[in-house]
Amino acid sequence: MDQQTEQDKLESIATPGVLDKYQNAGKIVNVVLEKVIAKIQPDADIASICAFGDQEINGELQKVYNKKNIEKGLAFPTTISVNQICGHYSPLKSESSNLAKGDVAKIQLGVHIDGYIAIAAHTVVVGEDQVEGQKADVILAAYQSVQALFRSIKPGTTNTALTKLIQQIADDHKCTPLEGVLSHEVKRHFIDGNKVIINRETQEQRVDEEEIQVNDVFVLDVYITTGDGKTKESELRTTVYKRALDRQYQLKTKHGRAFMQEVYEKYPSLCFSLRAFEDEITAKLAVQECAKHELLNPYPILISPNSIVAQFTITVAVLANSTIQISGLKLDETKYKAAHDLTDPALKELLKLPMDKESQKKRQLEQKQKA
């Protein structure tokens, strides 16, 4: 995989067959995400549901692209993060916890086919069909934000303009965008491309302004909290990692070398969970040695203290005349009775816009005629 770097950078959704691979990965993401959501019930064991999600991804992948020598697998392991836990909670079986009625659960997972990545995340309230008050506000703020980004991301739009939309929607719902979150452009085998949209801009955290371009593929990742937006690292064990592609080191221990060999073979460029390794104790020891030599990039478990965090994530492809949603589920907003509503009529109209290709092309034509 490492030798393909330059070729990977050149390939885009304009390359024949590439968009199909993104879309097929996205279909699997959505199918599995719905299956995992169906398992989100009071008293359910989180590690077991995460393992189920990963197994379902692998099962679905066995049905596609079997005639060609194409690498396929997880792009991001199944994680289920509740309440103040922001994300990346994919516990070992021995360190798991159970869901409780009323928990605000964020489910995230990702798939790749031939290195082309689709990721999605969805937020649900455990055991509750009707949601009111602060929980409804934070969930709607996150969902409406990602939908506003989807309707606004097009060639020529700036990343900073998109960040302002998130802030505006969060403000109306009396919530706060989470700090330190980036929506990344994705490329073949690369989950964290250089072009980004920051979830919340502060004096300390900001990014250079860039324009969205034709053929960009983005994982739009929105986190909203009922707290002040700041996070801190939790005491929960980090289990999600990604191989550091620019690092090489010959490990000294036998278990460390065996662990990294399995990473090279199964997860050469994208994210995985320690849950996937049969021997928990060996995996925990091996990952410490790998971390010491910076062979792995960790995805630590952060919390937004004493708050509720909601997340919605979709993958989109920006074409010349339309933007396609590759992955991500719809939210039935009628089940959420928020205490606050959007105040800007233009923003309300934006969220009503249909996003099928024909409607987008029609709007673009009308705009050209006006100009």
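The legends below describe close-up views of a predicted model.

**View 1. Aromatic pair of F76 and Y299.** Nine aromatic pairs are counted in the model. F76 belongs to strand β1 (residues 72-82), while Y299 lies in the loop between β12 (296-298) and β13 (302-303), so the pair joins distant parts of the chain, 223 residues apart. Both F76 and Y299 are buried.

**View 2. Aromatic pair of Y267 and F272, and the cluster around these rings.** The rings of Y267 and F272 are stacked, at 5.1 Å centre to centre and 25° between the planes. Y267 is buried, as is F272. Together with Y241, F259 and F277, these two residues form one aromatic cluster.

**View 3. Charge over a ring at K39 and F52.** The ring of F52 has the charged end of K39 over it, 4.6 Å from the ring centre.

**View 4. The largest pocket.** This pocket holds about 630 Å³ of space. It is lined by 26 residues, and H88, L182, H184, D221 and Y299 are the closest to its centre. Two or more lining residues come from each of β6 (182-184), β8 (217-225) and β12; β8 has the largest share, three residues. The lining comprises 14 nonpolar, eight polar and four charged residues.

**View 5. The second largest pocket.** Its space amounts to about 540 Å³. Among its 26 lining residues, D54, N58, L74, Y267 and A276 lie nearest the centre. Both α3 (46-61) and β1 supply at least two lining residues, and α3 gives the most, seven. By class, eleven lining residues are nonpolar, seven polar and eight charged.

Definitions and conventions. Residues are numbered from 1 along each chain as its sequence is written. This is a predicted model: local features need pLDDT of at least 70, side-chain atom pairs count only at pLDDT 80 or more; totals for chains, interfaces and linings use all residues. Side-chain values use heavy atoms; hydrogens and water are left out. Rings of Phe, Tyr and Trp (its six-membered ring) pair if their centres lie within 6.5 Å; planes under 30 degrees apart count as stacked, over 60 as edge-to-face and the rest as tilted. Helices (H or I, at least four residues) and strands (E, at least two) are DSSP runs, numbered from the N terminus. Buried means under 20% relative accessible area, exposed over 50%, partly exposed in between (1.4 Å probe, protein chains only). A charge sits over a ring if NZ of Lys or CZ of Arg is within 6 Å of the ring centre and within 35 degrees of the ring normal. On a 1 Å grid over the protein atoms alone, a cavity is a set of points where a 1.4 Å probe fits but cannot get out, and a pocket is an open set with protein on both sides within 12 Å along at least five of seven lines; lining residues have an atom within 4 Å of a point. Grid points are joined across faces, edges and corners, and a volume is the space filled by probe spheres set on the points. Ala, Val, Leu, Ile, Met, Phe, Trp, Tyr, Cys and Pro count as nonpolar, Asp, Glu, Lys and Arg as charged, and the others, Gly among them, as polar.
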